[in-house]
Amino acid sequence: MTKYLRLSWLLLICLFPVAVKAQACNSMLFGTLRDNRNNSILPGATIKIKELSQIMVTDGDGHYHFNNICKGNYTLEVTYVGYQPRVVKVNVSAQKELDIALISTSTQLSGVQVAGVKAERKPLQVTGRLEGRALEMTRGQSLGEALKVIPGVNAIQTGPSISKPVIQGMSGNRVLISNAGVRQEGQQWGSEHAPEVDPFIASEVTVVKGASSVMYGADAIGGVVLLEPAPLKYQSGLGGQVNLVGMSNSGLGAFSGLIEDSPDKNNHFSWRLQGTTRIAGNAKTPNYYLKNTGLREYNGALMLGYRNQGWNAELYASSFNTKLGIFSGSNVGSTEDRNNAITRPEPLEIYQSDLNYKIDRPYQIVNHHLGKLKLSKLFDKAGTLNLQYSYQQDYREEYDVVRGSSQNRYQYQFDLTTQVGDIYFEHHPIAGISGRVGVNGIYQRNYYEGAYLIPFFKSYNGAGYIIERWKKNKLELEGGIRYDQKWMQATKRIVPRDNNSPLERPEFNFSQVTGTFGMSYHLPSGYRLTGTAAKGWRPPSINELFIEGVHQGNAAFERGDRNLKDESSLNLSAGISRSTGKLTGDISVYHNHIDNFIYLQPQLDAQGKPIFEITQRGGFLSYQYVQVNARFTGADALVAYQLTPHFKLTGKYATVRAYNTDTDEHLIYIPADRYTGMLTYGLPDSKTFKSTLIDFSMTHVARQSRVRDDQDFAPAPAGYTLVNAAISTTLPVHGYAWNLSLSVDNLLNKEYRDYLNRFRYYSADLGRNISLRLQIPFGKNNKS
Amino acid sequence: MFKNKFKLGAIAATALVMTFSACKKDKEEAPEADENELITKVSFKFTNAANAADVATVTWSDPDGEGGVAPTIGTLNLKPNTTYNFEVSEVLNETAKDPDERNILNEINEESYEHLWVYKPVAASIMTVTRTDKDKNNFEIGLKGTAKTGAAATGTLQTILRHQPGEKNGTEAPGSSDFDATFPVRIQ
C-alpha cells in the first residue's frame, strides 16, 4: 500500500510542473457521424486527430467531441467497421462543428464486401453508458459496483463481494442482464446471488432505464444492463491488451488479458481470446477487517468469427468461475443471534480479522458457462437475417458453517441450464422505416441437491415481436409489440423436507402482450428530447412461487405463494440530453406503475403482531411473497459544465419514491437520494503525459427516511458523505498509449453503513481504498 | 398469412433449442431431502440428586423439519428447592438415512470443543443452572450440569446449542445457534 502511495506522489510531483508550463488551448471540435446513404447515425466509430494522436469514439448518438485543443489545421482519420475509412482536413477555430458522412463498403462494392458488425441496436429510451475512461476507472470491481457511477443505478449488496444492480429502484429479477447479446440466466433466488459475469469482457456497458420487454423479453421491467464486447477485428496482425489492477483495501489483484488476430490473408477469419483473474482478501472497514470476505475468480472467453460474401458467423464461449467468502460475523443462526449482532456497535473481535486470503465456510462457488453461435446473412435488397442459439449453465454451491460430519459437503446446490434460440430479420428502410421482426424460444431446466429451497422445474417460453423505427430530419419515432407465452412445471414433494411425502408437479401458464412507443427529437441547439411509454411483464420466479425455508444471513423464514399472477408494468419516461458544447448531460424523469408487484411481506396476526415460524433455532419472523400494486416515481440527472478549458464541473442526482399503492406505504429496500459533485481538471498534454485528468468528487447519500423502523430488522442507517479522488493519464511508450490511473475511494476513511447493504446489520461499510490501474496495448494495429 | 409465418418461425426457434436439449438426461424425481444440519428431536433428562428414581424428561420434537407442522414442545415439571443432575439425553435427526447421521448427540460429544449449551431460566429465580462438564480446552460444554430449583413457580427455560467452530471462548457470543428452544417450566 505504501508503494502505491509513493507512486501517486511521484505522479503528482511529475505532473504539476507540466501543468504550469503548458499553454492554454481551449478550442473545441465536435459533430455527428452518419451513413451517407440513409443518414443513420454511426455509434462506436473511431475518430483520430492525427497531429495530436487523440482518439475519440462516437457515442450512442453518433456524436464525437474533442475538448481543449489548440486552434489550427488538423487531419481527422475516421474509421468504422463496414465503412470506407475517411480522411478529413479541418481548420479549428474557437468552436468548430463538423458532421462527417461515411460510405458503407457494402453499398460501394455491392455485396462483394460484407456489412460491418454494427453495434447492437438499442431501443429509443433513456440510457446510461459506461465506456472509455469511465469504464476503465471501474476495472477490477464487480458489475454491480461499477454501474453505481451511472445516476439512477445502485446496487443491493450482501457484504463487500456480492452486489446486484438496481435500476431506478428496481432490482433482482426485474433487471435483465444481456451478456454479449445473450440474456443472462443465472440463479436469482435471493439478494446474495450476484450476476455471474466478467465486466472485463465488455468494451461498453449500457444501462437501458425503464421497461424494455419488447426488445429483450420478460423480466426487463426495471431495465436492462447490456455488456458488449468490442466487435471482432478483421484486420491482420496479432494484437491485444493487458489490464492490471491493484487495490489496497482488500489486497485485490486483477489481471485481464486479451489477444486477437485475423490470421488469413483475405481477412475472412478473426479470433479473440480473453482471460481474467481476480483475487482478493478480507475487506476492511475504517477500523477493522471483515473476516472471510475474500474472493477468487477465474474467467475466460473465446470468440471466433467468419465473414464473407454477406455471411457472418460468430462463435462465442465464456466461462465464469468464482469462490466467494461470506463475512463470518453475518452467520446468524437464530433471531436472537441476529438481534445480538445488530445491537453490537461492531462485530465481535474474532470476526475482525487481518488481511488474509483464506476463504472458510460460509462461502459460495459459482460457475457460469456460456456458448453462443450466431449466423447472419445480408441480403442486399432486403436486410439481414440473423440466427442465434445459446446454451448456458449456471451452477452454484453454497457452504454453511456445519458440524464435522458434513464438513466435505455443500448445503445447497443449484444447476440451471438455459437454451435460447432467436431468429430475427433486420430489414432495410422501407419508406423511411427500419426495424426488426423476430421470434424467440427459451427452454430452461433447474435441478438441486442438498437442502430444499426451491424445487426442480422446467419451462418453455415462446415469443414473437416486431419493433420499427421511423426517422425524418430531427424526429425519430419507434414502436413495437411483442407476445410472450411461458409454460412451467415444478417437481417437488408436497412437504419438501419429508422424504415420505408424495410428489406433485404443479403447472403454470403465463402470457402477455407488451408494447413500446418512443420518440426523440433533436433540437437545433444540440439538445435531444426523448419520451417513451412502454409496457413490461414478468412472470413470477420459482422462488416467489415455492421457496420455503430460512435464507442464510437473514434469519427470516420465507414462503412462496403458488397462486401468484404475472407482473405487468407501464413505464412512462421523458428525458433531455446534450452531448456537445460546454453544457452536456442527461436529465430524465419517470413514472412506473406495476400491477401485481411481488414482494416479501412480514406476516402479522389479527392484532398486528408479527408471526413467528417456530423451528429448531427458535422463532423466525415469517415472510410471505404477496402481490400488491406499486408505483415508482423518480428522476436521474447528470449535468456537466466546462467551466474553463481546464476545469469541468459535473453534478449527478438520483431520487426515487416507491409506494405500495394498496396501503400507501413506502416499499422497503429502495435507494435513498444520492448527490454527487465532481470537479475535473484536465492537464494540457506534455511529451510524457497525455489526456491527464484529475477528479475530485463528493457523494452524499441521504438517510432512507421513508421506511418505518418496524418494516425492517434495524432502522435505516444515517446518511453519509464520501470523498473520492482520481488521476488518470496516457503514457506514450514506444508508440503505444499506456493508460495509467490512481484512484482513492472513501479518501477520508469515513465509517458509514449503506441502507442497501444487507450486511449493514453486522458491520460498517468499506474504508479507504486506493486503486492503481494500468492498461497496456500491444500489436501493430494498436499503435497510436 | 402473417400468423402462419409466425408459427413457422416459433416452431423453428423451438426446434433449434430442442436439437441441443436432447443431450442431457432429465431427472424427474425430487432428490432425497438432505438437511444435514437438521435437528428433529432433543430431550433433556433431569434426575433428583437425592433420589435416583425421581426422573423428569422433557422433549422438543419436529419430525417434518422446518416449515410444515410446528414442533411439539414438552413441559418440564420439577420439585421446588431440589437439586437435579441433568444431561442432554437425545439429539436426533430422524430424517437422515444413514444411522450414523441420525444421532447428532455423538457428534456434539466428539466436537465438544466447538459446542456450548446455554441455559436461561425465566424468571431467574425459578432455578440456578450450572454446567459441570469441560472440553479439552477446559471450557464448559453443558451436556451435563446441575439445576437447583427455587420456590414453587411457573416460568420458562431457554436452551441454546451454540456452534462455535474455532471460536469457542467460554462465552455465548461467538458462532451461531444450531438449536434454540424454550420449554415451559412448572415447579410444584
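The model is predicted.

In chain A, strand β29 spans residues 507-522 and strand β30 spans residues 527-538. These two strands pair in the antiparallel sense, over 7 bridges. Within this pair, A:G518 stands opposite A:T532 of β30(A). β29(A) and β30(A) form a hairpin, with 4 residues between them. A:G526 lies in the turn and has a positive phi of about 100°. β30(A) also pairs with strand β33, residues 567-578 of chain A. This pairing is antiparallel too and runs over 12 bridges. Here A:R538 has A:E567 in β33(A) as its bridge partner. Strands of a sheet pair through backbone hydrogen bonds, in either the parallel or the antiparallel sense.

Chain B holds an open sheet of 6 strands. Their order is β3-β2-β1-β5-β8-β7, and the pairing is antiparallel. β3 (72-73) and β7 (127-131) of chain B stand at the edges. Each has a single partner strand, so one side of each is left without a neighbour in the sheet. Further in, strand β1 (residues 41-48) of chain B is joined to strand β5 (residues 83-92) of chain B by 8 bridges. β1(B) and β5(B) run antiparallel. B:K41 stands opposite B:L92 in β5(B).

The two chains also touch each other. The contact takes 53 residues from chain A and 46 residues from chain B. On the chain A side, several elements give two or more residues, among them α6 (335-343), β23 (383-399), β24 (412-430) and β35 (612-615). β25(A) gives the most to this side, with 8 residues. The chain A residues that touch chain B divide into 21 nonpolar, 20 polar and 12 charged.

A:K374 is found in strand β22 of chain A, which covers residues 363-379. In a regular strand the side chains alternate between the two faces of the sheet. Is A:K374 buried, exposed or partly exposed? A:K374 has 19 other C-beta atoms within 10 Å, and is therefore partly exposed. The cut-off for a buried residue is 20 or more. Leaving aside residues up to four places away in sequence, A:K374 touches A:E314, A:N386 and A:Q388. A:A155 is 219 residues from A:K374 along the chain. The C-alpha atoms of A:A155 and A:K374 are separated by 32 Å.

Notes
Residues numbered from 1 in each chain as written. Chains lettered and ligands numbered in written order. Predicted model: local features only at pLDDT ≥ 70, side-chain atom pairs only at ≥ 80, totals over all residues. Buried ≥ 20, exposed ≤ 12 C-beta atoms within 10 Å, placed from the backbone. Contact = placed C-beta atoms within 7 Å. Pairing = 2+ DSSP bridges. Nonpolar A, V, L, I, M, F, W, Y, C, P; charged D, E, K, R; others polar.
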